Structure formats: structure tokens, C-alpha cells
Amino acid sequence: HGIRLRSISTFLAMQPLTGLHGITLYGNGSPGHAAALVDGKFDRALLENLVRTTKGYAGFTHAGHTVHTWMEEGAKQHAAFASDNLLVFSRGEDGLKKALDAVAVPSPVQPNPLLVVEEGKPLVVAHARFTEMSMPHDLSRLVKTVKAIRLAALESDSRFTLRASAEAETGEDADRLRRMVDGVLAFAQVQDAKLEGLDLKAELNAVTQ
């Protein structure tokens, strides 16, 4: 992926493997209705001067921040520095404004139940509220019973750990989902001999709240 990393380095004026601290992505599931917050070490002056030379460039101010807009692949793009180390992207103007407002007045941080017993920083954390997202109409009946899902990938005690939780409509739906995932894991281990030598451990539970 060297070519891609070099192109990202040129665009962001940074080295992704050393200057990138984290990326937060969120949206409602609809194409174009998303925002990206990139935390890293930027050459802010270079980036802002570069974007001003792009096609269809325009700028305006929101909540004290300069918002840059330009055209890319036929779609309008929006970006702004919330701080020298935090760059916000969104195709939609409303999405960018909401992201800047949220960063300015952040909500209280709620403990993540998947991470409370772990030390260190996770690699990936994801949370999807299916009931608040635009979902395809051809989803399976089982997936439609899931209200929300959480996922965390991290390293703990020299092991790579993948944790996930799904909130279902009923306890019966949750147990059915547990049995299905358990069956998929068992089938994968039988089909691929390489998985047997990886010391894989799986624990699945259904909890009624």
C-alpha cells in the first residue's frame, strides 16, 4: 500500500504511520451523510493554502472556524480545522457544522462496557444504532431484530481480542443470534485447518436486561 500511503502523506502533509493519532467516523448510514474527524500532526498553513487552489473553492466561517469547500469527483467537499491537530471532513455542510459544534461542546463520555476491564488503547472501536440508521430493505429477519451493535478490537495480555455485543428486541432473539454466531465460528474452524493452530478462544453469552 506504499502508493496509497504516499498519496495520503502528500494530501495531508503528514506521515500517516507516525503523525496520525486517530480517526473518528460517524453518520446515519445514508451515503454522503457522514463526518470524519482526523487527529494528527498537520502542517495547517500548507494544507489550507493547498485547498484554496482546488476547483470550485469557496470559504465561509462557522462558530469561529474557517470552513473550506471545493469540488472533488463531482461532489462538493467541506473541511475545517477544529484545532491545529483536529481536521474535520464532511460532504454535507450541515454535517460539518454539527461536527464542529459537537467538538466545541462535547457530550459527557460514557464508559464503554467492552473496554472497562482493559488497559491500553484499542485499535478499533465501533458502535452502530441500527434503529437510527438508514438500512437496506432486504436485510434478513434476524439482522432486523438487532437494535444496536458494538465492536472493539484490541491487544490484551499478548493476545488479539475482538469483542462485540448486540442488543436485540427480545431475549429469544439474542439467544438465537448467539447460537448462529457460535455455529459460524465452529464451521470456520472445521473448514480451515490453519485456524486450529492459532489458539483461538471464543466465548458467547446472551444476557437479558
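This is a predicted model: local features need pLDDT of at least 70, side-chain atom pairs count only at pLDDT 80 or more; totals for chains, interfaces and linings use all residues.
## Six-stranded sheet

Six strands make up an open, antiparallel sheet, and their order across it is S1-S2-S6-S5-S4-S3. Strand S1 (20–27) and strand S3 (58–62) are the edges; each has a single partner strand, so one side of each is left without a neighbour in the sheet. From one strand to the next, the twist averages 20 degrees.

Within this sheet, strand S2 (residues 34–40) pairs with strand S6 (residues 86–90) through five bridges, in the antiparallel sense. Asp39 is placed opposite Leu86 in S6.

## Three-stranded sheet

A further open sheet is built from three strands in the order S7-S8-S9, again with antiparallel pairing. Strand S7 (124–129) and strand S9 (159–168) are its edge strands, and each pairs on one side only. Here the twist averages 5 degrees from one strand to the next.

S7 is joined to strand S8 (residues 146–156) by six bridges, and the two run antiparallel. Across this pairing, Ala126 stands opposite Leu151 in S8.

S8 also pairs with S9, over ten bridges and in the antiparallel sense. Ala152 has Arg163 in S9 as its bridge partner. The two strands S8 and S9 form a hairpin with two residues between them, and Asp157 in the turn has a positive phi of about 55 degrees.

## Nonpolar surface patch

Five residues contribute to a nonpolar patch on the surface: Leu123, Val124, Leu151, Phe160 and Leu162. Together they have about 530 Å² of accessible area.

Leu123 is located in the loop between helix H4 (93–104) and S7. Its relative accessible area is 66%, above the 50% cut-off, so Leu123 counts as exposed.

## Buried face of helix H3

Helix H3 (residues 44–51) has Leu47, Glu48 and Val51 as buried residues. Viewed down the axis of H3, the buried residues fall within an arc of 95 degrees, so they line one face of the helix. An α-helix has 3.6 residues a turn, so residues three or four places apart point the same way.

The structure holds seven salt bridges. One of them links Asp84 with Arg44, where the closest N and O atoms are 2.7 Å apart. Asp84 belongs to the loop between strand S5 (75–83) and S6, while Arg44 is in helix H3, so the pair ties together parts that are 40 residues apart in sequence.

Both partners count as partly exposed: Asp84 has 47% relative accessibility, and Arg44 has 27%. Arg44, Glu48 and Asp84 are linked in a network of salt bridges.

Arg176 and Asp173 form a salt bridge, with 2.8 Å between the closest N and O atoms. Both residues lie in helix H6 (residues 171–191), three residues apart, which is about one turn of the helix. Arg176 counts as partly exposed at 40% relative accessibility. Asp173 has a relative accessible area of 13%, which is under the 20% cut-off, so Asp173 counts as buried.

Asp175 and Arg179 form another salt bridge, and their closest N and O atoms are 3.2 Å apart. These two residues also lie in helix H6, four residues apart, about one turn of the helix. Asp175 is partly exposed, with 26% relative accessibility. Arg179 is partly exposed as well, with 46% relative accessibility.

How values were computed
Residues are numbered from 1 along each chain as its sequence is written. Side-chain values use heavy atoms; hydrogens and water are left out. Two strands pair if DSSP finds at least two bridges between them. Axes are lines fitted to C-alpha atoms, for helices over the stretch in contact, and angles run from 0 to 180 degrees between N-to-C directions. Patches are made of residues with over 30% relative accessible area and no salt bridge: like charges are joined within 9 Å, nonpolar side chains (Val, Leu, Ile, Met, Phe, Trp, Tyr) within 5 Å. Accessible areas come from the Shrake-Rupley method with a 1.4 Å probe; for residues, only the protein chains shown count as cover. A salt bridge is a side-chain nitrogen of Lys or Arg within 4 Å of a carboxyl oxygen of Asp or Glu. Buried means under 20% relative accessible area, exposed over 50%, partly exposed in between (1.4 Å probe, protein chains only). The arc is that of the directions from the helix axis to the C-beta atoms.
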